[in-house]
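Hello,

I am handing a structure over to you. Please open it first, then read the notes below.

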Amino acid sequence: LRLVVVLLLLSSTIALAQRATPVNSELKQAARQALATGDLPQARQHLTALLSNYRSDADTQNNAHLLSARLTEVAQEYLRGGLLEDALKLIGEATDLNLPAVGDVVGPANTGMGMAAAALHRRLADLDPQRRYELLRTWSMPTSDQPALRVLTALTPTQSPPSTFAR
């Protein structure tokens, strides 16, 4: 009887985990579609729901590297749509975790920060210098809500793929 109960609990936990992943994939896909059609409020709603799902996940709550990976994943979706302020907020939160800089290695230490930094760099390069300065100054400098000076460092490729292959 004990073994049956354990197996039932295990199978229901696995079933819940399997259901959660498609929901998150669907939210990400819906956000991408909304961004493609220019429906920014709808895209933000989907990405906010995705981030909420990630934050409520017990694994994310107990693992700073996984939280950082989730934050940068959603930030990259915001960057895909040109929503720099939203992306910077999440990248700032990931940066504030003060994780050791390990680059984009394969495995549990991979937080995706290198990819997010590269995407952020591409978006910032498209801005006029004054707007870029304002965004980065606001993000970097201490405030009452964010008392530390922020500095983002990440390993990124020095060469970009041809524009037909870039996202």
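**What was found**

Glu77 lies in helix 4. Helices here are DSSP runs of H or I with at least four residues, strands are runs of E with at least two, and both are numbered from the N terminus. Glu77 counts as buried because its relative accessibility is 4%. Buried means under 20% relative accessible area, exposed means over 50%, and partly exposed is in between, with a 1.4 Å probe and protein chains only. Not counting residues up to four places away in sequence, Glu77 touches Lys28, Arg32, Leu35 and Leu47. A contact means heavy atoms within 4.5 Å.

Some ground rules. This is a predicted model, in which local features need pLDDT of at least 70 and side-chain atom pairs count only at pLDDT 80 or more, while totals for chains, interfaces and linings use all residues. Residues are numbered from 1 along each chain as its sequence is written, and side-chain values use heavy atoms, with hydrogens and water left out.

**The chain as a whole**

The chain has seven helices and zero strands. Buried residues make up 30% of its 167 residues. Take the contacts with a separation of 6 or more: 59% of them are between residues 24 or more positions apart. The accessible surface comes to about 10,900 Å², and 58% of that belongs to carbon and sulfur atoms. These areas come from the Shrake-Rupley method with a 1.4 Å probe; for residues, only the protein chains shown count as cover.

**The core**

The largest nonpolar core has 29 residues. Such a core is a set of buried Ala, Val, Leu, Ile, Met, Phe, Trp, Tyr and Cys residues joined through side-chain atoms within 4.5 Å. Val74, Tyr78, Leu79, Leu90, Ile91 and Leu120 have the most contacts inside the core. At least two core residues come from each of helix 1 (2–36), helix 2 (40–56), helix 4, helix 5, helix 6 and helix 7. In soluble globular proteins, nonpolar side chains tend to be buried together.

Look at Leu79. Leaving aside neighbours within four places in sequence, Leu79 is in contact with Leu84, Ala87, Ile91, Ala116, Ala119, Leu120 and Arg123.

**Helix 6**

Helix 6 covers residues 113–125. Its 13 residues should span 18 Å at 1.5 Å a residue, and its end C-alpha atoms are 18 Å apart, which agrees. The expected span is 1.5 Å times one less than the number of residues. The buried residues in helix 6 are Met113, Gly114, Ala116, Ala117, Ala118, Ala119, Leu120 and Leu124. Their cover includes helix 4 (64–80), helix 5 (84–95) and helix 7 (129–140).

**Charged pairs**

How many salt bridges does a search of the whole structure find? It finds eight. A salt bridge puts a side-chain nitrogen of Lys or Arg within 4 Å of a carboxyl oxygen of Asp or Glu. Three of them follow.

- Arg70 and Glu73 meet at 3.7 Å, N to O. Both lie in helix 4, three residues apart, about one turn of the helix. Arg70 is partly exposed at 22% relative accessible area, whereas Glu73 counts as buried at 18%.
- Glu85 and Arg131 meet at 2.1 Å, N to O. This pair links distant parts of the chain: Glu85 is in helix 5, Arg131 is in helix 7, and they are 46 residues apart. Glu85 is partly exposed at 42%, and Arg131 is partly exposed at 30%.
- Arg150 and Asp96 meet at 2.7 Å, N to O. They too link distant parts, 54 residues apart: Arg150 is in the segment after helix 7, Asp96 in the loop between helix 5 and helix 6. Arg150 counts as buried at 14%, while Asp96 is partly exposed at 35%.

Salt bridges that share partners also join Lys28, Arg70 and Glu73 into one network.

**Two more spots**

Asp86 lies in helix 5. A polar contact of 2.9 Å joins its side chain to that of Arg44. A polar contact is a pair of N or O atoms within 3.5 Å; within protein, one must be able to donate a hydrogen and the other to accept it, and residues adjacent in sequence count only if both atoms are side-chain atoms. Pro100 lies in the loop between helix 5 and helix 6. Pro100 is exposed, at 56% relative accessible area.

Best wishes
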